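Subject: Handover of a structure, with notes

Dear colleague,

I am passing on the structure below, together with some notes for someone who has not seen it before. Please have it open while you read.

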Amino acid sequence: MTTVLSSRLGQVARAGDGSADIVCDKQSVAGSVSQRACTFCGSRVVLYPIADALHLVHGPIGCAVYTWDIRGALSSGPELHRLSFSTDLRERHVVFGGEGRLEDSLMELIERHHPSAAFVYVTCIVGVIGDDVEAVSRKVSERTGIPVIPVQSEGFQGSKRQGYDAACEALLRLIGTGSTEGIGKHSVNLLGDFNLAGEIWIIQEYLKRMGVEVVANLTGDGRVADISRAHGAALNLVQCSGSTTQLAKDMQKKYGIPFQKVSYFGLDDMAGALYGIAEHFKDPEMLARTRDLVAEEISQVLPVVEACRKDLEGKRAAIYVGGAFKAISLVKALRLLGMKTALVGSQTGNAEDYRYLRDLCDPGTIIVDDSNPSELSTFLAEEKCDLFVGGVKERPLAYKLGVAFCDHNHERKLPLEGFLGMANFAREVHASVCSPVWQFAPRFQSANPVEV
């Protein structure tokens with residue numbers, strides 16, 4: 001395998017090599033130009049899809065632009081989340097403070113848009129100049145009568161994972177403030193599903209057919225009023241484990257709500273998630289309805305999978321995504337299509353995730369934590385990958401190498417969750433890998449060697 005920086009050795013391994021656990025959840029190596037995002041971005045990922053809230057970035061305008069409307073989180077009603085607001089701090093605010101600017105911005109925006117709540121994202125420069133965002137938020141909340149919640153998301157605090165934690169702390173301030181009257185015993189909250197291309201609506205429909213009530217979406221297609229009564233649900237379902245497991249743990253500790261980690265990607269994991277929910281509620285009729293649902297849905301998808309598999313059998317794939325739990329489902333889904341995973345990695349995986357991947361993947365599969373463009377480009381070329389599954393930062397790497405690409409991140413417009421999503425995934429992978437355009441691209445040419 002390609003030589004990597006000595007300081008990265010513990011974060012790269014091969015399945016089946018029997019070495020120690022992969023090192024993870026550490027600061028990126030200086031100078032390696034990590035694919036991983038910052039704390040501010042992590043907090044925006046989680047909270048942004050709350051559609052009836054005001055999202056105000058307290059900092060220079062560039063921070064707001066960075067995350068403005070690049071994600072496909074859809075709403076069934078209000079779309080305030082698709083507007084991006086910033087206090088647009090300038091040099092004079094850095095010198096004299098930006099608290100007045102923040103208060104004026106909040107008052108103007110709340111008067112104009114009438115949000116159900118406001119989130120104030122603290123950026124790097126605000127952490128440096130020391131604005132008391134908590135005090136300003138409390139003052140504005142008292143004047144306007146809506147929750148105004150600071151999100152301590154200074155980018156320099158750490159990586160994307162610390163941003164997830166900041167967002168979970170903000171959500172906890174909303175949860176428990178509403179009435180739980182009328183919530184049934186077969187009720188759940190959906191955590192860590194961002195309703196990309198309307199995916200959460202597919203999952204809600206499955207749950208409805210099973211007889212399960214959804215109390216709150218945290219966060220895709222989210223509403224402040226629903227989140228405030230989320231503590232009345234009987235079960236939390238955690239889809240993106242990296243972003244919201246901590247929130248589920250906190251709710252279990254504070255409100256006694258158990259949680260299940262679920263994945264809605266691929267046939268096996270989707271069916272497993274639904275059966276897990278039915279088994280939790282110990283309702284024989286619900287279990288019977290679930291069996292019928294799974295059988296009906298799979299019977300519609302399998303012909304699509306089989307048709308695509310004929311052309312994809314034996315092709316090689318690489319995966320690099322935000323959370324490792326998603327990567328696990330993708331390995332299974334690609335295997336169903338007859339493809340071999342040659343490389344799999346994530347930005348925020350933990351030791352447990354990577355142990356699972358080592359057991360799941362074929363011997364020799366490269367497993368990597370917090371990678372960078374140089375490593376990924378070299379691995380793609382060396383492993384002669386036919387497909388790269390990733391997000392917006394991985395797309396140009398694939399196209400430069402002439403490798404087919406599948407967008408499996410927040411920017412996509414095609415739902416990939418649920419049984420329907422597996423059919424969409426199969427068609428997209430087939431169309432990309434089998435496209436005749438690749439005969440004109442320089443696939444498998446030597447990449448630049450990784451710096452030692």
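Predicted model: local features only at pLDDT ≥ 70, side-chain atom pairs only at ≥ 80, totals over all residues.

Residues are numbered from 1 along each chain as its sequence is written, and side-chain values use heavy atoms, with hydrogens and water left out.

The sheet comes first. Six strands form an open sheet with mixed pairing, in the order E1-E12-E11-E10-E13-E14; strands (E, at least two residues) and helices (H or I, at least four) are DSSP runs numbered from the N terminus, and two strands pair if DSSP finds at least two bridges between them. At the edges stand strand E1 (12–14) and strand E14 (404–407), each of which pairs on one side only. Neighbouring strands of this sheet are turned against each other by 15 degrees on average, direction ignored, where axes are lines fitted to C-alpha atoms, for helices over the stretch in contact, and angles run from 0 to 180 degrees between N-to-C directions. Strand E13 (residues 387–390) pairs with E14 in the parallel sense over four bridges, and phenylalanine 388 stands opposite phenylalanine 405 in E14.

Two helices pack on this sheet. Helix H13 (residues 324–336) touches strand E10 (316–321), strand E11 (340–346) and E13, and its direction makes about 165 degrees with that of E10; contact here means heavy atoms within 4.5 Å. Helix H17 (residues 418–433) touches E13 and E14, with its direction at about 155 degrees to that of E14.

Strand E6 (residues 187–191) is largely enclosed by the rest of the structure, because five of its five residues are buried, that is, under 20% relative accessible area with a 1.4 Å probe and protein chains only (exposed is over 50%, partly exposed in between). Both faces of E6 are covered, with Ser187, Asn189 and Leu191 on one side and Val188 and Leu190 on the other. E6 runs parallel to strand E7 (residues 213–218), to which five bridges join it, and serine 187 stands opposite glutamate 213 in E7.

Grid points are joined across faces, edges and corners, and a volume is the space filled by probe spheres set on the points.

The largest pocket holds about 240 Å³, and of the 15 residues that line it, Lys261, Phe325, Ile328, Lys332 and Tyr356 are the closest to its centre. The second largest pocket holds about 200 Å³; 14 residues line it, with Arg161, Ser241, Gly242, Thr245 and Gln246 nearest its centre. Helix H10 (241–255) is one of the elements that supply at least two residues of this second lining, and H10 gives the most to it, with five residues.

By this rule there are five cavities of 30 Å³ or more. The largest cavity has a volume of about 260 Å³, and of its 24 lining residues the closest to its centre are Gly192, Phe194, Cys240, Lys326 and His410. H7, H10 and H13 are the elements that give two or more residues to the lining of the largest cavity.

With best regards

Methods. 1 Å grid on protein atoms, 1.4 Å probe; cavity = no way out; pocket = protein on both sides within 12 Å on 5 of 7 lines; lining within 4 Å.
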